[in-house]
Amino acid sequence: MTDPVHTRCLIIGSGPAGYTAAVYAARAMLNPVLVQGIEPGGQLTTTTEVENWPGDTEVQGPDLMVRMEAHAKAMGCEVIGDIVSDLDVDARPFRATGDSGRVYTADSVILATGARAKWLGLPSEDAFKGFGVSACATCDGFFYRGQEIVVVGGGNTAVEEALFLTNFASKVTLIHRRDSLRAEKILQDRLFRHPKIEPLWFHTLDEVVGTDNPKGVEGVRVKHVETGEITEIRCKGVFIAIGHAPASELVKGKVEMHHGDYVRVEAGSTRTSIPGLFAAGDLTDHLYRQAVTSAGMGCMAALDAEKFLADQDG
Ligand code: FAD
Ligand code: NAP
């Protein structure tokens with residue numbers, strides 16, 4: 001058993017919020033330790049072009065996150081590949097336990113665990129996950145060269161996934177439950193102009209159909225939201241892009257939440273209901289959920305932690 005790792009500031013999560021907090025906490029000489037979690041680099045590693053990160057007209061999401069990690073390390077943050085499976089928010093110092101068995105103790109904690117993809121919750125969706133059903137076009141799109149694909153959803157993610165999948169697929173059907181999209185106008189324009197993409201309005205996914213041997217998707221049954229009429233679409237890939245839910249399990253029932261499972265922070269700060277525990281990024285934000293807003297909150301969290309520790313030291 002290794003000795004506990006002690007730090008002035010433990011950062012949990014390696015998305016834009018976590019790495020920005022790391023840069024600021026390191027520069028404040030807090031000797032931060034950052035635990036990366038199951039998705040080093042966070043959600044942006046699941047996309048391609050990012051066109052709204054200031055200073056880069058276009059940057060690949062995974063490249064941006066590699067640069068952020070390098071930046072955090074260069075400033076002196078210790079970055080650890082582990083997943084925090086338990087966080088004791090009553091202990092002082094705070095005590096986190098990793099999947100690796102390692103224990104982390106900390107005088108302050110910044111939670112930046114972000115969000116993860118939502119699923120529809122259909123048994124057939126679950127049955128074919130990894131066998132034709134996916135929530136990540138950049139990860140799995142390549143498997144569908146020359147095939148027909150459906151994407152479910154109407155937000156930025158769904159439209160970006162649909163556009164990206166045209167690089168591989170012969171046809172992409174975008175299934176949406178309304179007849180207007182939530183996605184940014186610039187993305188909508190690209191989608192409507194694309195010859196390979198066909199939107200299917202007022203429909204929801206009812207069932208994924210496929211074979212067991214070999215296991216794979218053959219199509220989907222979709223339902224008209226008003227008439228209830230069921231139609232079958234042949235396809236080999238099903239991409240679910242219906243939004244993201246905050247990854248707040250570590251503190252569920254331990255801190256105040258809002259809008260469901262988002263961690264509540266005091267207005268204009270990153271202070272949670274527990275002194276010394278700060279939260280930043282998509283984990284706290286049901287509204288903006290952008291890389292740049294997450295990074296901004298990461299900065300705020302490090303500054304809030306620095307002030308908290310200075311006040312403690314008297
Ligand atoms: P995340 O990026 O979600 O990172 C969370 C981190 O927490 C991960 O590293 C994860 O491993 C870690 N973690 C979770 N649980 C634990 C645990 N128990 N222990 C340790 N670590 C843990 N935004 C834009 O501004 N522009 C875009 O072009 C854009 N494109 C996008 C495309 C897609 C496909 C998606 C899904 C999102 C996109 N976004 C975009 C949104 C943007 O990615 C998010 O707003 C941003 O990544 C949120 O940053 P975050 O640091 O809060 O969390
Ligand atoms: P989102 O904006 O919440 O959109 C989710 C979409 O899925 C909505 O169109 C919603 O329909 C639909 N949906 C939700 N539940 C459904 C269900 N059970 N059945 C059928 N459809 C369902 O999520 P997102 O697109 O993942 O975006 C999340 C955040 O990341 C946003 O803030 C977004 O701006 C950001 N992001 C930004 C970029 C970018 O800047 N380029 C790219 C990707 C993501 P309704 O519209 O009917 O509610």
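Analyst: The account below moves from the nonpolar cores to a helix, and then to ring pairs, cysteines and a strand residue. This is a predicted model, in which local features need pLDDT of at least 70, side-chain atom pairs count only at pLDDT 80 or more, and totals for chains, interfaces and linings use all residues. Residues are numbered from 1 along each chain as its sequence is written, chains are lettered from A and ligands numbered from 1 in the order in which they are written, and side-chain values use heavy atoms, with hydrogens and water left out.

A nonpolar core is here a set of buried Ala, Val, Leu, Ile, Met, Phe, Trp, Tyr and Cys residues joined through side-chain atoms within 4.5 Å. Buried stands for under 20% relative accessible area, exposed for over 50%, and partly exposed for what lies in between, with a 1.4 Å probe and protein chains only. The largest such core has 33 residues, of which C9, I11, Y19, L34, W53 and I110 touch the most other members. Two or more residues come from each of β1 (5–12), α1 (16–27), α2 (61–74) and α7 (291–313); helices (H or I, at least four residues) and strands (E, at least two) are DSSP runs, numbered from the N terminus. The most is given by α7, with eight residues.

W53 shows the packing in detail. Its contacts (heavy atoms within 4.5 Å), apart from neighbours within four places in sequence, are V59, L64, M68, A291, V292 and A295.

Helix α1 can be followed residue by residue. Of its 12 residues, 10 are buried, so that the helix is mostly covered. The buried set consists of P16, A17, G18, Y19, T20, A21, A22, V23, A25 and A26. These residues pack against β1, β2 (33–35), α2, β5 (78–80), β8 (103–111) and α7. Just after α1, M29 adopts a positive phi of about 65°.

The aromatic rings come next. Rings of Phe, Tyr and Trp (its six-membered ring) pair if their centres lie within 6.5 Å, and planes under 30 degrees apart count as stacked, over 60 as edge-to-face and the rest as tilted. There are five aromatic pairs in the structure. In one of them, F142 and F168 are edge-to-face, at 6.2 Å centre to centre and 90° between the planes. F142 belongs to the loop between α4 (137–140) and β11 (148–152), and F168 to the loop between α5 (156–165) and β12 (171–175), so the pair links distant parts of the chain, 26 residues apart. F142 is partly exposed at 46% relative accessibility, whereas F168 is buried at 17%. The rings of Y144 and F239 also form an edge-to-face pair, because their centres are 5.6 Å apart and their planes lie at 85°. Y144 is in the loop between α4 and β11 and F239 in strand β17 (residues 237–240), so this pair ties together parts that are 95 residues apart in sequence. Both Y144 and F239 are buried. Ring pairs also join F142, F164 and F168 into a cluster.

A disulfide is a covalent bond between the sulfur atoms of two cysteines, and it is assigned here to a pair of cysteine sulfur atoms within 2.5 Å. By this rule the count is one disulfide. C136 and C139 form it, with their sulfur atoms 2.0 Å apart, and the link is right-handed, with 75° about the S-S bond. C136 is buried at 9% relative accessibility, while C139 is partly exposed at 45%. C77 is in no disulfide, and the nearest cysteine sulfur, that of C9, is 8.4 Å away. C77 is buried, with a relative accessible area of 5%.

Finally, L174 lies in strand β12 and is buried, with a relative accessible area of 0%. Neighbours within four places in sequence aside, L174 is in contact with V151, G153, A158, A162, L181, L191, E198, P199 and L200.
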